[in-house]
Amino acid sequence: MIEKFYDLIVVGAGPAGSISAKFAAEKSIKVLLLEKDSIVGFPVRCGEAISKRSLTQFINPDSSFIKTEINKFSLISPDNTEIILEFQETGYVLNRIFFDAELANQAVNAGAQLLTSAYVFDLIIEDGKVCGVKFEYNNDVVEVKSKIVIAADGVESRVGRWAGLKTAISHRDMESCIQYSTSNVNLNPNTCYFYFGKDVAPGGYLWAFPKGNNSANIGLGISGVEGKNKNANKYLDEFMTMKFPDAKIENVIVGGDPCSITLDKISAPGIMLTGDAARQVNPLSGGGLSSGMIGGSIAGSIAAEAILCNNPDKIFEYDKVWYERLGKKHEMYNRIKNGIYDFDDNKFNSIASVFLKVPPNKRTLGRLFTTALINKPNLLIDVAKVFF
């Protein structure tokens, strides 16, 4: 039964939204979690890789949603020089459908009410404050009021725009992405592969993440600027023909990845943005799964505190808490990203050649970026702060 009023409404049951709902519901407030798709976690728009440390902050690893364990990175330059980096900790490639479903289930177990196939089409705004949502459900139009709304509705975040928050992003920072779910692909099952170069993924990179049983996620992201000249689909098809001609493509997903710093404002009267909607994505890697869950946990906790102490202005603490937790680090990642953005193939090849001389037991991401940016000393401070 849908009630007319909830303390908190969360729009979007991806990881950021479900974690928001869970953390808030655990404080014994009334939470409604709305998901526009009929199945939580589908369609998948993610490479599905995450570190063990990032995962275990929120959920215990389980074979039901873990496809394979990862302990190595393979970085391949344009001239096919391969650099292997050993992980200092275990990573995982997930089955996001099962993973997302479990996160949503945990939110429900904490006390949140979940509705799927609930399409939010507008906000309720009174006296300049967001105080609820309007959505379609079972062929009916439903209006529900709340004290706070958390928008976890992805990179497009229509909810954020309706609330008047500036969510625009430059073409340069919006990666155009495509991924194939494949079978009949022979990869080391414990290694994540990354390819670089203008013929593979200009202004970005290509990934191949194994999922066991000769299956893998193979995809790429290219700068929105580059995508105007040649789309991501063509780059990926050319790569597949060259590297994995016998692969069978089981599924295709496309989308945009906001590789930028967090929005200037991620809260406004009655509303908070989290996950991709807030641009809580690592600008360097484009990964947003772990940072989205961190953002969601902060948003859910602060929303619950604001409701319990009857202080609606408390939600404005969210911007600062997020910035101190990860936003500041994302600004450093963004400066590093901009420092390598214009590297040509010769530069990538040179970096690989130099780094190949480093003993395998001393190869780290920090040392790799130090090698890459040795001629940009102003960025080495950021590298040191982020990686050491």
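How exposed is serine 117? Serine 117 is partly exposed, with a relative accessible area of 38%; buried means under 20%, exposed over 50%, and partly exposed in between, using a 1.4 Å probe and protein chains only.

## Before we start

This is a predicted model, in which local features need pLDDT of at least 70 and side-chain atom pairs count only at pLDDT 80 or more, while totals for chains, interfaces and linings use all residues. Residues are numbered from 1 along each chain as its sequence is written, and side-chain values use heavy atoms, with hydrogens and water left out.

Let's begin with the backbone. Most residues other than glycine have a negative phi, and most peptide bonds are trans. Serine 117 has a positive phi of about 55° although it is not a glycine. You will find serine 117 in the loop between strands E6 and E7 (119-126). Helices (H or I, at least four residues) and strands (E, at least two) are DSSP runs, numbered from the N terminus.

Asparagine 310 also has a positive phi, near 55°. Asparagine 310 is exposed, with a relative accessible area of 64%. Now look at phenylalanine 42 and proline 43: a cis peptide bond joins them, with omega about 0°. Proline 43 belongs to the loop between E2 and strand E3 (49-51).

Helix H3 covers residues 96-110, and its 15 residues should span 21 Å at 1.5 Å a residue. The expected span is 1.5 Å times one less than the number of residues. The end C-alpha atoms of H3 are 21 Å apart, which agrees.

Which residues of H3 are buried? They are Arg96, Phe99, Asp100, Leu103, Ala104, Gln106 and Ala107. Seen down the axis of H3, these buried residues fall within an arc of 150°, so they line one face of the helix. The arc is taken from the directions from the helix axis to the C-beta atoms. The partners that the buried residues of H3 pack against include helix H1 (15-25), strand E5 (82-94) and helix H7 (289-308).

H1 is mostly covered, with ten of its eleven residues buried. Among them are Pro15, Ile19, Lys22 and Ala25. The buried residues of H1 pack against strand E1 (5-11), E2, H3, strand E9 (140-151) and H7.

In H7, 17 of the 20 residues are buried, so this helix is largely enclosed by the rest of the structure. From its first C-alpha to its last, H7 reaches 28 Å, close to the 28 Å expected.

## A nonpolar patch on the surface

Finally, turn to the outside. Ile249, Val252 and Val254 form a nonpolar patch on the surface, with about 250 Å² of accessible area together. Areas like this come from the Shrake-Rupley method with a 1.4 Å probe; for residues, only the protein chains shown count as cover. Patch residues have over 30% relative accessible area and no salt bridge; like charges are joined within 9 Å, and nonpolar side chains (Val, Leu, Ile, Met, Phe, Trp, Tyr) within 5 Å. A salt bridge is a side-chain nitrogen of Lys or Arg within 4 Å of a carboxyl oxygen of Asp or Glu.

Valine 252 lies in strand E14 (residues 248-258) and is partly exposed, at 44%. Isoleucine 249 is also in E14 and is partly exposed, at 41%. Leaving aside neighbours within four places in sequence, isoleucine 249 is in contact (heavy atoms within 4.5 Å) with Tyr180 and Ser181. The C-alpha atoms of isoleucine 249 and serine 181 are separated by 6.0 Å, although the two residues are 68 residues apart along the chain.
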